[in-house]
Amino acid sequence: MTVDQDSTIVDQGQATEVPRDEWHSWCERATADYSGRILVLRRKDRALGEVRLAEGQRFVAVDHEKFGTNETLTIKYGTGTVPVSYVVFQPQSIRQHRDEAGVVQAVSIIDATGRRTLVSLA
């Protein structure tokens, strides 16, 4: 998926932001496009610094859900029949980071507390 093919992102060089009103459809496309890729999942905040949560697992899916005024993004990964889920509560932004060929190499999500979740894809 290139910037030209994806009309839901705003081009900002090698990083593109996904508009909030397109998160649900972006999650569906990301699940289809990235499923099976190996990931590294990290979380970074001021209190703990960077923490590696998963490495060498296969990306399964990403879901966007709204519950009244609350929103979540759930990143699913693993190799078994029941994937592991990591939930980002109250996401504020989703950005895709691409290499020179336009292939998404990472996705970063910032939540309401300023915590950054980074999914690196191989």
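Trainee: Which residue forms a salt bridge with Asp45?

Mentor: This is a predicted model, in which local features need pLDDT of at least 70 and side-chain atom pairs count only at pLDDT 80 or more, while totals for chains, interfaces and linings use all residues. Residues are numbered from 1 along each chain as its sequence is written, and side-chain values use heavy atoms, with hydrogens and water left out. A salt bridge requires a side-chain nitrogen of Lys or Arg within 4 Å of a carboxyl oxygen of Asp or Glu. At 3.1 Å, N to O, the partner of Asp45 is Arg115.

Trainee: How many residues apart are Asp45 and Arg115?

Mentor: Asp45 lies in strand E3 (residues 38-45), and Arg115 in the loop between E8 and E9; strands (E, at least two residues) and helices (H or I, at least four) are DSSP runs, numbered from the N terminus. The pair thus links distant parts of the chain, and the separation is 70 residues.

Trainee: What is the volume of the largest cavity?

Mentor: A cavity is a set of points, on a 1 Å grid over the protein atoms alone, where a 1.4 Å probe fits but cannot get out. Grid points are joined across faces, edges and corners, and a volume is the space filled by probe spheres set on the points. The search of the whole structure finds 1 cavity of 30 Å³ or more. The volume of the largest cavity is about 80 Å³.

Trainee: Which element supplies the largest share of the lining of this cavity?

Mentor: Lining residues have an atom within 4 Å of a point, and they include Trp26, Phe59, Ile75 and Val119. Helix H1 (23-34), strand E4 (49-67), strand E8 (104-111) and strand E9 (116-121) each contribute at least two residues. The largest share, 3 residues, comes from H1.

Methods:
1 Å grid on protein atoms, 1.4 Å probe; cavity = no way out; pocket = protein on both sides within 12 Å on 5 of 7 lines; lining within 4 Å.
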